[in-house]
Amino acid sequence: MKSFYLETFGCQMNVHDSEKVIGTLLERGYRQTEDAGEASLVLYNTCSIRDKAEQKVFNKLQQHKRHGKEQVIGVLGCVAQQEGEKIFERAPYVSLVVGSASYTKLPELLVQIEQGNRRVTGLSLDTDETFDTPLTRRDNPYRAFLTIIEGCDKNCAYCVVPFTRGPERSRAAQGVLDEVKQLAAAGYTEIMLLGQNVNSYLDPSPRGWNFARLLREVGQVEGIRRVRFTTSHPRDFTKEIIDAIDDVPALCNHVHLPVQSGSSKVLEAMQRQYTREQYLERIGWMKNARRKISITTDIIVGFPGETEADFQETVRLLDEVEYDGLFSFKYSQRPNTPALRFDDHVPEEEKGRRLLQLLEHQRTILVRNNAGYVGETEQVHTEHFNAATGQWVGKTTQHKTVNFTHPQGPEAAIEGRYLDVLVTRSGVASLAGEAIVM
Ligand code: 5AD
Ligand code: SF4
C-alpha cells in the first residue's frame with residue numbers, strides 16, 4: 001500500500017492546507033505514516049517568509065540525498081511557488097513541486113508521478129477556486145480552520161506572500177456558512193477564519209457581504225461557541241468589525257493586528273498604507289469596546305533605513321497599546337520583493353540588539369497585563385491534559401493559555417469542553433488556575 005509522510009512549516013494557512021492535502025491523499029488510497037524513512041511519498045509543505053524558514057526546508061531536503069530511488073520527494077507551499085523548477089536543480093532528488101493554489105490538481109499530478117514521471121510541477125497562480133474542501137482531514141475535533149480568502153493584493157515592500165499565494169480571492173459567503181453549519185453539526189464548536197488579509201474579505205456573490213457581516217453571520221450559527229480570525233491588515237480594519245465583536249458573544253475578543261513598525265516613516269517605506277496615528281485609531285476602537293479585547297501584533301525590526309529613533313517609536317508603541325502578545329522578527333531580504341532595491345541596511349548585530357530590547361520590553365508589559373487576570377473567572381476551552389505538569393491546558397476567549405487543575409485530574413474527560421476557571425496565578429506566557437466544579 002502507498003504511504004505518505006507530510007511535514008508542515010509556516011503559518012496556520014499552511015497547517016490548514018496540509019489538512020486538505022492529507023484528505024486528498026487518504027481519498028486516493030494512501031496511508032499516512034509518521035516515519036519519513038518508510039513512506040513512498042515524502043512531502044514538505046514549506047514556508048518562505050524569511051530566509052531562515054527557507055533554509056530549514058533545504059536542510060530537510062538534504063537528508064534525502066542518499067535515499068532509495070523508490071521514494072518520491074515533493075515540495076509544496078511557498079518555497080515551491082517561489083523557487084519553482086529551480087528546486088530540481090538545487091535538490092535533484094525532488095520530483096514534485098506544487099504551490100498552494102494548485103492543490104486541487106494534486107490527484108492528477110500524483111497520477112503523473114505514479115506513471116513514473118520524475119519531474120512534475122503545479123505552479124499556476126491563475127486559479128479562481130482553491131476552496132473546495134470536501135476532503136479536508138481536520139486534525140482537531142473541536143476547532144476547525146476555514147479559509148475564507150486566499151492570496152494578497154497588498155504590496156508590502158518586504159513580503160513574499162503576494163508571489164507565493166497570488167492575488168486575493170474571496171470564497172462565496174454561502175459556501176462559508178454552509179460549511180460552518182456542517183462543522184457545527186459534526187461537533188466543532190470553534191471556528192478559525194483564515195486569510196492572509198482576512199478582513200479584506202468581500203463576498204463575490206451579488207450579496208456582497210464584507211468581513212464584518214460575514215463574522216456576524218458565522219458567529220450566530222447554532223452550536224458555534226467561538227469564532228476567531230487571522231490575520232488582519234490595519235488598512236482594511238473597520239470599526240464595524242469591533243461592533244460585531246461587541247454584539248455577537250461567540251466572536252472572540254481577540255484581534256491580531258500586525259503593525260510591523262511604530263514609525264510612520266518606516267511604515268511608508270514598507271508600503272503598509274497606514275500611519276502610526278491611523279493604526280492607533282483602530283487600537284482606540286478596541287480599547288473603547290464594551291468587551292475587553294486582547295490585542296496581539298507582528299513587528300519587523302531592522303527594516304532598511306530604520307534608525308534608532310524609528311525603533312524607539314516602536315518601543316513606545318508597545319507601551320501605548322499594551323499588547324497581549326507580540327511576534328517579532330529581524331528583517332530578512334526576500335526574492336522578488338520591492339525592498340530588494342533598498343540600501344541603507346541595518347547590520348545583523350544591530351537587528352539582534354533591537355529584537356532583544358523589544359522582547360525584554362514586551363515581557364514587562366505582559367507580566368503586568370496577565371497579573372490583571374488573577375482573581376477573575378475565565379471561560380476556558382480545554383485542549384489537553386499535560387501529564388508533565390499534572391494540569392489541563394486551554395484557552396480563554398482572549399487567546400490566553402490557562403494551565404489549570406481539576407479535582408478529577410487526568411480522569412476528568414473535559415477535552416473540548418468549556419469550563420469556568422478561577423485564575424490564581426499569572427506569568428509571562430500563561431495564566432494558572434483551578435477549574436470551578438459545581
Ligand atoms: N522579514 C522579516 N519578517 C517578515 N515578515 C514578513 N515578511 C518578512 C521579512 N521579509 C513577518 C511580518 C508578518 C509575519 C507573518 O512575518 O511581521 O506579519
Ligand atoms: Fe510562510 Fe507566508 Fe507562506 Fe504562510 S503564507 S507559509 S507565513 S510564506
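The structure is a predicted model, in which local features need pLDDT of at least 70 and side-chain atom pairs count only at pLDDT 80 or more, whereas totals for chains, interfaces and linings use all residues. Residues are numbered from 1 along each chain as its sequence is written, chains are lettered from A and ligands numbered from 1 in the order in which they are written, and side-chain values use heavy atoms, with hydrogens and water left out.

The residues surrounding ligand 2 are Cys11, Asn14, Thr46, Cys47, Ser48, Ile49, Cys78, Val161, Arg165 and Gln196, each with a heavy atom within 4 Å of the ligand. Sorted by class, this shell has 5 nonpolar, 4 polar and 1 charged residues. Here Ala, Val, Leu, Ile, Met, Phe, Trp, Tyr, Cys and Pro count as nonpolar, Asp, Glu, Lys and Arg as charged, and the others, Gly among them, as polar.

We can turn next to the chain as a whole. It holds 13 helices and 19 strands, taken as DSSP runs numbered from the N terminus (helices H or I, at least four residues; strands E, at least two). The radius of gyration is 22 Å, close to the 22 Å that the globule rule gives for 438 residues, so the chain is as compact as a globular protein of that length. This radius is taken over C-alpha atoms, and the rule is 2.2 Å times the number of residues to the power 0.38. Along the principal axes, the C-alpha atoms fill a box of roughly 65 × 55 × 50 Å. Of the 438 residues, 56% count as buried, that is, under 20% relative accessible area (1.4 Å probe, protein chains only). Of the contacts (heavy atoms within 4.5 Å) between residues at least 6 apart in sequence, 72% join residues at least 24 apart.

Beyond its neighbours within four places in sequence, Asn197 contacts Ile149, Cys152, Lys154, Glu168, Thr231 and His233.

Strand E19 (residues 430-435) pairs in the parallel sense with strand E17 (residues 401-405) over 5 bridges, pairing requiring at least two DSSP bridges. In this pair, Val402 stands opposite Leu431. Strand E18 (residues 418-426) runs antiparallel to E19, joined by 5 bridges, with Leu422 opposite Glu434. A hairpin of 3 residues links E18 to E19.

Note on methods. Buried means under 20% relative accessible area, exposed over 50%, partly exposed in between (1.4 Å probe, protein chains only).
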